Amino acid sequence: MGILLWIVMGLIVGIIAKFIMPGRDGSGFIMTVILGIVGAIVGGWLGSLLGLGTVTGFDVRSILIAVAGALVVLFVWHKIRN
């Protein structure tokens, strides 16, 4: 995927992950996008290790894998910040 698609997917995934796991971390728009992009990368990596596939584009499976990765990243982020 191109960088623009990663940013758009990161935004979507970051918002979904923050909706699922809200918290008072004060993260803004940029941090949400970064969280989503990192989460997509982590989700793709973990998905490939577990044999579930990777993040390949805008399809339901890829978004679910990316959201799972973003939730892992968000959980770690909350543990580090608190």
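Author: In helix α3, the buried residues are S62, I65, A66, V67, G69, A70, V73, L74 and H78, where buried means under 20% relative accessible area, exposed means over 50% and partly exposed lies in between, with a 1.4 Å probe and protein chains only. Helices are DSSP runs of H or I with at least four residues, strands are runs of E with at least two, and both are numbered from the N terminus. This is a predicted model, in which local features need pLDDT of at least 70 and side-chain atom pairs count only at pLDDT 80 or more, while totals for chains, interfaces and linings use all residues. Residues are numbered from 1 along each chain as its sequence is written, and side-chain values use heavy atoms, with hydrogens and water left out.

Helix α3 has 22 residues and reaches 31 Å from its first C-alpha to its last, close to the 32 Å expected at 1.5 Å a residue, the expected span being 1.5 Å times one less than the number of residues.

The largest nonpolar core consists of seven residues, M9, V13, A17, A40, A66, V67 and A70, such a core being a set of buried Ala, Val, Leu, Ile, Met, Phe, Trp, Tyr and Cys residues joined through side-chain atoms within 4.5 Å. Helices α1 and α3 (60–81) each supply at least two residues of this core.

A40 of that core is also among the buried residues of α2, which are T32, V33, L35, G36, G39, A40, G43, G44 and G47. Because they cover an arc of only 165° around the axis, they sit on the same side of α2, the arc being that of the directions from the helix axis to the C-beta atoms. The face of α2 turned away from this buried side carries the exposed residues I30, I41, W45 and L49.

From helix α1 (residues 3–20), G14 touches T32, L35 and G36, leaving aside residues up to four places away in sequence; contact here means heavy atoms within 4.5 Å. G14 is itself buried, with a relative accessible area of 0%.

Across the protein, which has three helices and zero strands, residues 24 or more positions apart account for 62% of the contacts with a separation of 6 or more.
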